[in-house]
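Study the sequence and the model before reading each solution.

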Amino acid sequence: YIPLNKLSIQLITLDGEIFSALDGSKLQLISSNDADQLYAELTLLSPSAESASKPSAADLRRFVVRRPAKDELTAELRPALASGELPASIKLRLDETNASARYQFSPQGVMSWLQPLHGVKTIDVPDTVDGKLSLSVKDNTLHGAVSAYSRYLSLNSSRAENIALDIRFDYTADDAGQNVKLLKDSYLTIARFNHGHISFNDSHIDVTGAFHLARDSWKYEGNLKSKLLTAVYDSQQMQLSDITAVVTADTEKLQAEGSFSPANLPGRFAFMLDHNPGNAAGTLSLSPLTSINLTAEEHTASQLLAPWPYPFDLYNGKIGVSAQASWSEGKPFTLAGEIELENIGGNIGEIVFSGLSFEHELDILPAIRSRRASQLAIVTIDSGVTISDFAISLAATTSKTGTLPRFIVRQTRGKILGGNFSVDDTIYDLNRDSNSLMINLNDIDLAEIVRTQQLDDITASGRLDGSLPLEISTQS
């Protein structure tokens with residue numbers, strides 16, 4: 001070799017597919033060695049420059065490498081006109097088998113710096129990323145750890161805030177490509193992730209698995225775990241716990257299969273996710289592994305969502321839920337579900353009921369609507385007058401009076417006051433302050449009426465038929 005203290009090459013032209021995005025680029029190289037302090041500057045000349053020896057100031061995008069000391073090395077991307085923050089920089093400390101570094105880069109700044117290169121486009125990832133890197137080599141394997149932090153990142157309609165990444169990995173390479181194995185204690189935390197009307201708060205996700213990187217493709221297969229995930233749709237919050245997932249991802253798809261539990265209620269659910277990053281479209285399905293059991297402890301259905309938006313609550317029995325969701329760019333998020341209620345106790349305002357059994361399929365988002373009417377049975381209803389063996393045909397639909405659904409009620413029947421009754425077909429609207437019902441009475445025992453009304457000074461006997469108007473009000 002020939003040692004040189006200074007080297008200047010005024011024009012380097014890269015030509016050929018082997019240079020990929022650098023194909024056709026013009027570069028300028030200046031290098032010096034002064035008392036073992038090395039300096040190298042590679043200038044990217046724009047294709048419009050007429051003279052490589054005298055480029056304009058606007059053409060000076062530079063990659064600078066310096067070695068201020070024997071065991072230190074710094075590298076920087078410097079912007080055109082030598083103005084503004086550095087798009088990227090890294091400072092390394094090196095020895096024979098180990099390296100450590102601190103780095104920072106602006107994804108948007110790096111993409112802007114690369115603009116003269118063939119086929120490079122800008123992306124909207126606005127904030128700076130800071131982090132650390134450590135590397136060591138043993139048995140032909142590169143062992144490393146990398147951390148990164150950014151206040152926020154955004155891409156298309158998604159935005160993440162306060163992102164922290166800490167990855168432990170092993171790296172190997174062969175003729176088929178590069179392989180990265182993610183080790184235990186690797187994790188990702190995101191304070192808030194938004195996509196449309198959906199957000200996830202205070203997420204900590206443990207990550208393991210393997211990446212395979214080839215020239216034009218990549219693939220990840222691994223496992224994700226999270227102790228707690230808070231999901232928010234508009235103003236309503238749901239917390240999920242003990243989340244596990246097996247994930248497969250590449251340039252064309254994201255697939256996940258796993259399970260989770262509601263954070264505040266006993267139960268376990270399986271899920272399957274299929275998402276296409278290219279068109280931001282996907283599906284998610286949910287099925288019960290273990291039904292939600294409200295009887296085991298003092299649990300209520302209202303613990304599932306905060307705030308609870310409905311005027312009813314459930315606090316006994318078992319709940320089984322299945323759901324299917326879908327989304328795509330420019331279309332509303334859709335959610336459909338199937339629910340099975342077994343021996344449920346609860347209340348609607350001051351009306352208390354027990355022994356409710358019901359199976360139903362309905363669309364939930366963008367609006368609540370039953371797919372078909374279903375039979376609902378209740379053993380006992382107490383509204384001041386006890387009703388038993390109650391049964392109806394029930395369907396939910398949208399309402400013109402508010403955001404809550406209304407219920408179409410048909411074929412209503414039951415037992416009351418020693419006789420039986422039926423109810424005229426009606427609509428119960430949860431948006432109204434009150435709803436009226438007309439109960440048709442048959443063979444009612446007058447003695448039961450006196451006893452129920454606690455009329456101690458009155459005795460009565462006989463049976464009667466008739467009609468009883470009933471008003472259910474949120475104020476009473």
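**Exercise 1.** Determine how many nonpolar, polar and charged residues form the lining of the second largest pocket, and state which elements give two or more residues to this lining.

*Solution.* The model is a predicted one. By class, the lining comprises 7 nonpolar residues, with no polar and no charged residues. The residues are Ile167, Phe169, Tyr171, Val180, Leu182, Phe211 and Leu213. Two or more of them come from each of strand S10 (158–174), strand S11 (177–182) and strand S13 (198–213). S10 gives the most, with 3 residues. The volume of this pocket is about 150 Å³.

**Exercise 2.** Classify the aromatic pair formed by Trp308 and Tyr310, and then the pair formed by Trp308 and Phe312.

*Solution.* An aromatic pair is described by the distance of the ring centres and the angle of the planes. Planes over 60 degrees apart count as edge-to-face. For Trp308 and Tyr310, the centres are 5.3 Å apart and the planes make an angle of 80°, so the pair is edge-to-face. For Trp308 and Phe312, the values are 5.9 Å and 85°, so this pair is edge-to-face as well.

**Exercise 3.** Which residues do ring pairs link into a cluster with Phe211?

*Solution.* Ring pairs link Phe211 with Trp218 and Tyr220. Phe211 is also one of the lining residues in Exercise 1.

Note on methods: Residues are numbered from 1 along each chain as its sequence is written. This is a predicted model: local features need pLDDT of at least 70, side-chain atom pairs count only at pLDDT 80 or more; totals for chains, interfaces and linings use all residues. Side-chain values use heavy atoms; hydrogens and water are left out. Rings of Phe, Tyr and Trp (its six-membered ring) pair if their centres lie within 6.5 Å; planes under 30 degrees apart count as stacked, over 60 as edge-to-face and the rest as tilted. On a 1 Å grid over the protein atoms alone, a cavity is a set of points where a 1.4 Å probe fits but cannot get out, and a pocket is an open set with protein on both sides within 12 Å along at least five of seven lines; lining residues have an atom within 4 Å of a point. Grid points are joined across faces, edges and corners, and a volume is the space filled by probe spheres set on the points. Helices (H or I, at least four residues) and strands (E, at least two) are DSSP runs, numbered from the N terminus. Ala, Val, Leu, Ile, Met, Phe, Trp, Tyr, Cys and Pro count as nonpolar, Asp, Glu, Lys and Arg as charged, and the others, Gly among them, as polar.
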